[in-house]
Amino acid sequence: MTLDPTKNPDWKIAQDAESRMKTVETLAAEMGLESSELLPYGHYMGKIEQQAVLERLAGRPDGKYVDVTAITPTPLGEGKSTTTIGLVQGLARRGLRSSAAIRQPSGGPTMGMKGSAAGGGLSQCIPLTPYSLNFTGDIHAVGAAHNLAMTALTARMQHERNYDDATLARLSGMRRLNVDPTRVGTGWVMDFCAQALRNVIIGIEGDGRRNDGFMMRSHFDITVASEVMSILSVARDLGDLRERMGRMVLALDRDGNPVTTADLEVAGAMTAWLVEAVKPNLIQTIEGQPVLVHTGPFGNIALGQSSVIADRVGLKLSDVHVTESGFAAEMGYEKFWNLKCRYSGLTPDAAVIVATVRALKSHGGAPQPRPGRPLPEAYTREDVGLVEAGCVNLLHHIGIVRRSGVPSVVCINKFHTDSPAEIAAIRRICEAAGARVAVSEHWKKGGEGALELADAVMDACNSGKRHFTPLYDWNLPLTERITCIAREIYGADGVDFEPLAAQRLKALQERPDVNELGVCMVKTQYSLSDDASRKGVPASWRLHVRDVLLFGGAGLVCPVSGDISLMPGTGSHPSFRNIDVDVNTGRVTGLF
């Protein structure tokens, strides 16, 4: 007997379901893993020896491949992870071997305002607490590898300042790298939303000593925005990971040449931190289906995808494998379509676009809902007009997926406050645009509530109407690719490049490997534009690119638009205020 999600918080539902969990050995055996391919982490979590699985099943055809994306969300989120889990549960109730791939939650949002990203209600993954806090240590390993690179760089800068060439060579065999302290692009990372660390001064000397580090401006990003996390997400295996790790560019020297982790001879040690992290993690839905959890890059400031490795494993072991892309279709799905699928060589059979009445009302003109505050009245009373007005945003996202040549299904993620007339309006508008539509109550009813969605997804997968086509040619100049994304996907009139961004793009265009570098946009998730306040489908605007970052190891050029930051902030009503521990049982309470 499961708890009623309308009367119980997610963490209570999870704890109740955890009393009936399968052991990870049972889960793995049902999934088709051999015992030697599973590395248990306790009773209910494990890691998968992915290379052994992929070699053993190399001749087995892949299952159907489904991506879950969404319309432009409100700050409350629209339930992509919940829908991913619910869909897998619904497919299982139709007798299909199904699996999910989702990202590991970052400590920033978990302790901030978004929660653990485990899904919700009767469509979530368990065990909730270890999944949300620490898990198998992958994010910590990413942070250690990244900060080791910065340790190597700043130590080298200090020693090159203190010693001449002959002494450097005698002490350690080092050659002088001549790092320009004003052109160190990489900072440090930590996995919290710590706005106080966005801009810092490091290496402040005490008592006149010169061994306290190299004094310079620096910064912190959130760990999931680290290039190391993106490398882990796109790497095909450990060898690919090791090669990419050496191509990370941390700074430029005084002549403008890149200084890499290979130059610092630290890439091997960085990879050593990630030997276990490259293996995908295995947990389960509350109905007992396998969930692969691997990597955690944000969708607005990074790649926004779970790993290529997790998807390759899931596709070999499942009839249908469902993966999730961060934020809306213009961010997460665009990166899935034009970046992840290129790296993996995989092509999707269908895409699910999650929509809620709440988000559509926001795009139709209702006041923006805020986390931790009561919903404005517009969201709790019927207003078909607001919903209809907001559907312009949904139609835009349907068009994005259609542009990729992949069949789509609009999933109306139904809330108990939604009226039949509001649901009917969404269905009518979407079907008039030629889109499949399914109403899903997976949050309230689990897999049983996702049967209509599961049937619609399988219909899309089997429709034979897939013509998967990249958005742009990677041989085009970077500025043209960025402009293509802005015009074709965001609906912008064009792109304005600030002098710094234009200068960096010009230098990047001269690299011999420029046609192997993908474009990974950095933009607000709350609008199709680069202005979070503009809802619906903004008209008459231009994308403003103020900076461009290079992730040489991941093979990404990252144009930064608007005021987006790679270190989010903690708000005035963070989630950590609700989290505590029952000292008698050791159970964590208040996670959601």
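1. Basis of the comments. The model is predicted: local features need pLDDT of at least 70, side-chain atom pairs count only at pLDDT 80 or more, and totals for chains, interfaces and linings use all residues. Residues are numbered from 1 along each chain as its sequence is written, and side-chain values use heavy atoms, with hydrogens and water left out.

2. Domains. The protein chain divides into domain 1 (10-136 + 277-462), domain 2 (138-266) and domain 3 (478-561); these bounds come from an automatic or database domain assignment. Between the C-alpha centres of domain 2 and domain 3 the distance is 25 Å. In this pair, 9 residues of domain 2 are in contact (heavy atoms within 4.5 Å) with 8 residues of domain 3.

3. Annotated site. An unreviewed UniProt entry places the feature "binding site" at Thr74, Pro75, Leu76, Gly77, Glu78, Gly79, Lys80 and Ser81. UniProt positions follow the numbering used here, feature names are shortened, and annotations may be inferred rather than shown by experiment.

4. Two residues of that site. Glycine 77 is found in the loop between β3 (64-70) and α4 (80-93); helices (H or I, at least four residues) and strands (E, at least two) are DSSP runs, numbered from the N terminus. Glycine 77 counts as buried because its relative accessibility is 19%, where buried means under 20% relative accessible area, exposed over 50%, and partly exposed in between (1.4 Å probe, protein chains only). Serine 81 belongs to helix α4 and is buried, at 12% relative accessible area. Leaving aside residues up to four places away in sequence, serine 81 touches Ala117, Gly119 and Glu324.

5. Helix packing. Helix α14 (residues 357-364) packs against helix α16 (residues 420-432) at an angle of about 75°, with the axes 11 Å apart. Axes are lines fitted to C-alpha atoms, for helices over the stretch in contact, and angles run from 0 to 180 degrees between N-to-C directions. In the contact, Val357, Leu360 and Lys361 of α14 meet Glu422, Ile423 and Ile426 of α16.
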